[in-house]
Amino acid sequence: MSNALSAAPSLVSTPRAMSLETIGMTKTFGSFTALDNVSLKVDAGSFHALLGENGAGKSTLVKSIMGYYHADKGSLLLDGHEAQVRNPRDARDLGLGMVYQHFTLVPCLTGAENLVISRADAPAVIDWKKEKKALDAFLDRMPFRAPLDKPVSSLAAGEKQKLEILKLLYLDQRLLILDEPTSVLTPQEADEILGLLKGMTDRGDISVVIITHKFREVTAFADALSVLRRGKRVGGGLVKDMTTDEMARLMIGDTPIRQRALRQENTTGPVTLELAGLMADGDEGASVLNAVNLKIHSGEIVGIAGVSGNGQSQLVEVLSGQRPLRDGRIFVRDKPFEPTRDAYFRLKIFGLPEEPLKNATVARMTVAENLAFRNFDRPPNAKFGWWLSPGPMRTKARELIARYRVKTQSPESAIGDLSGGNVQRAVLARELSGEVDVLIVANPCFGLDFASVAEIRSQIMEQRNKGAAVLLVSEDLDEILELADRVAVMSEGTIAFVSPIGETDRATIGKHMAGHE
Amino acid sequence: MNDSTPLIVLIAILGGALRVSTPFMFVALGECLTEKSGRVNLGLEGTLVLGAMTAYAVSYHSGSPWLGVLAAGLAGAALGGIHGFICKLPKVNDVAVGIAMMLFGTGIAFFFGKAYIQPTAPRLGSISLGDWTGNAQLATALQINPLMIVGILVAILMWWAFANTRWGLIVRMSGDSAPSAMAMGVSVDLVRFLATTAGGFLAGVGGAFLSLYYPGSWNQGLSSGQGLMAVALVIFARWDPIRCVAAAFLFGATGAIGPALQSVGVTQGYYFFNAAPYILTLFIMIASAGSKKAGRDVPGELSIIK
């Protein structure tokens, strides 16, 4: 700043990135304090990571900044000036943009339509020739492109995510808040997008706040970080000054974590579950499973990696009887398997589907009833197969609730009132409390806190050690790398790659996830 | 039977299609607009009947059928507005409200309409498009009502507006993804309220056609479920205004099969042919339920698919 010229405002290279600061932000919901006096500063042109467990207040903080919530106390400074954000529209006008976990593009509109209509000054009658020209000129200035002429519903997740970010840049937003933006992307796509954003922050075009669970992304891309725990900012600083262990400790505090179940190096047994040429159609009729072939031995976890939307959900639905097969057979212990209630019981097949509240429970029924889904019509819960006895059911429910530490007011509470982690634990209790030969697991730890994650993973490992054949579908590659004995990559509805976990690495798996050899 | 019989039947079917398709068209366009914004209005049958009664009464008192058409539209807009307002309230199911509104609409139409069953009101005129043909039957068949042309123009306008105007995009956005629309600061409730009101207006105008042109009188059995059929038409037309018009003509044509055959002396299966539009509806519903394309075009926010 010794140069006299630099003091004059330069019209050519004005740094466009905006700084953001919250001072003493507090937000309560009833008696629950979601945000407790949070002060946090994001410098202009920095890449700031916001870490914290689920329920730590990250979402509440960014929603308060974006005007979805009105903070009870505290203020927001943008570029050093106090700003009033009463609603998301105000935030947009001030240059704050947000990319959500779910996509906010309108599926039936094309990319171009989505961009134009999101503008505050969208013309009443749209001159598409002129707008297309302007959009092309805009894309030429951007570090990446996305197709604009197709309806968004037909785009791949990576393209959608790019388009979400392009939309914010098109709206000339100068500070972007990204809420776990990479969960739907391959590692390469994630690295590409975060790298591009990083480049833009380095050039001073934008500032970025990113909510993430992935330490890898924090250390690779972020400059600074803040950690929230129970609504408080408990620490932070420059990324280069901290280790991931310190970050983790800040996030979880003193909560004791259950010891991970160790992988017993038992030799794997015979093939228990065999998928032979499974073919199935998606909701819209297109083929989503194209000949899935896989053998899983007892005492083995096979992890299915892949970008979401490549048939993993449908595979789990086929195995849990929620989706009919068009072709192919499933064999359990060399016998053909049909998804009937009786077969699940006889062959001891259990499962933890994703979104357990939707796929494995009836939200309005009680915890006790939900816990009895597998055996409510068998003794001692029922006489003659139809006369139910609530007594034994309730006794069993109490036992399971205690053993699996399900936090519920009583066995008679509706299971829909439980928190996500406790619903997951309740389903776990129902599925894993007996003898398990085959276990189908899909994204078991999605959205859960550290303690629950460790517990659920160790339960899965225990079942493997006891000899179950485990199929683990996960969008979290780290989870697969931690748990699986073998990894199988699913791409475009088929298994593109199988390898023992020790003989492959993240980059190879990522390449196959993206569909490249 | 002679050689010209098939021709006469075809002309009669064409005439029937042109004559009776207009109410289907208006109700279908109204429902199309409503559903594009993410709301279902099953009450359009009631709107149609109330529109018919209002148009007839206003035309009778004022002597101007076009004033009647306007009044019918306003009555329809009022019913649509009530529907839109009630559906904005929390935890209200638009299908249930729609059925209630259907009964409400027909109910007040019958209540106020008692006095207008006897008198004769001035009716809408027609435009002769077929005089040049020199064929009396064709000339009769090609007598069309200006409202039909208005309907086709409205459909073209809607089709264009859905793709080329801010309002069109906002309506589609509200219908496909309410969270996205809200994230952009769009008041989804307001958009749906306005779309439902405008849809009611169109359905009311469709009712005016029934009482002021064809059949051209007011009585309680006037609509016989055409409003409900039109709602089904929208699904068949996959939420496209232009296809709504085509579907309305198809319905009109099938409805004319029975009378057309009767006019050449085929009386066998008369009632069966009269049921043709309803049978068609049934098959359309079955076919579209299995259609993959319909699943793609359906607005994501419609409560019937949630």
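1. Let's start with one residue in chain B. B:Ala139 touches B:Gly130, B:Asp131 and B:Thr133, leaving aside residues up to four places away in sequence; contact here means heavy atoms within 4.5 Å. B:Ala139 sits in helix α5 (residues 136-141) of chain B. Helices (H or I, at least four residues) and strands (E, at least two) are DSSP runs, numbered from the N terminus. With 13% relative accessibility, B:Ala139 counts as buried. The cut-offs are under 20% relative accessible area for buried, over 50% for exposed and partly exposed in between, with a 1.4 Å probe and protein chains only. B:Val150 is 11 residues from B:Ala139 in sequence, and their C-alpha atoms are 21 Å apart in space.

2. A word on what you're looking at. This is a predicted model, where local features need pLDDT of at least 70 and side-chain atom pairs count only at pLDDT 80 or more, while totals for chains, interfaces and linings use all residues. Residues are numbered from 1 along each chain as its sequence is written, chains are lettered from A and ligands numbered from 1 in the order in which they are written, and side-chain values use heavy atoms, with hydrogens and water left out.

3. Now the place where the chains meet. 22 residues of chain A are in contact with 17 residues of chain B. About 1800 Å² is buried between the two chains, with carbon and sulfur atoms giving 60% of that area; buried area is the accessible area (1.4 Å probe) that two parts lose on being put together, summed over both. The rule finds 1 salt bridge across this interface, a salt bridge being a side-chain nitrogen of Lys or Arg within 4 Å of a carboxyl oxygen of Asp or Glu. A:Glu113 forms a salt bridge with B:Arg172, and their closest N and O atoms are 3.3 Å apart. On the chain A side, α3 and α4 each supply at least two of the residues that touch chain B.

4. Helix α4 of chain A deserves a look of its own. 8 of the 8 residues of α4 (residues 111-118) are buried, so this helix is largely enclosed by the rest of the structure. A:Glu113 is one of those buried residues. What covers them includes α3 (88-94), α5 (128-141) and α6 (157-170) of chain A, along with α6 (146-164) and α7 (166-176) of chain B.

5. Over all chains, the count comes to 37 salt bridges. Take A:Arg346 and A:Asp342, which pair at 3.3 Å, N to O. They are 4 residues apart in helix α11 (residues 341-347) of chain A, and so about one helical turn separates them. A:Arg346 counts as exposed at 53% relative accessibility, and A:Asp342 as partly exposed at 42%.

6. A salt bridge between A:Arg457 and A:Glu482 (3.0 Å, N to O) is another case. This pair links distant parts of the chain, 25 residues apart: A:Arg457 is in helix α16 (residues 450-465) and A:Glu482 in helix α17 (residues 477-483), both of chain A. A:Arg457 is buried at 9% relative accessible area, whereas A:Glu482 is partly exposed at 27%.

7. Back in chain B, B:Arg192 forms a salt bridge with B:Glu301, with 3.5 Å between the closest N and O atoms. B:Arg192 lies in helix α9 (residues 188-212) and B:Glu301 in the segment after α14 (292-297), so the pair ties together parts that are 109 residues apart in sequence. Both residues are buried.
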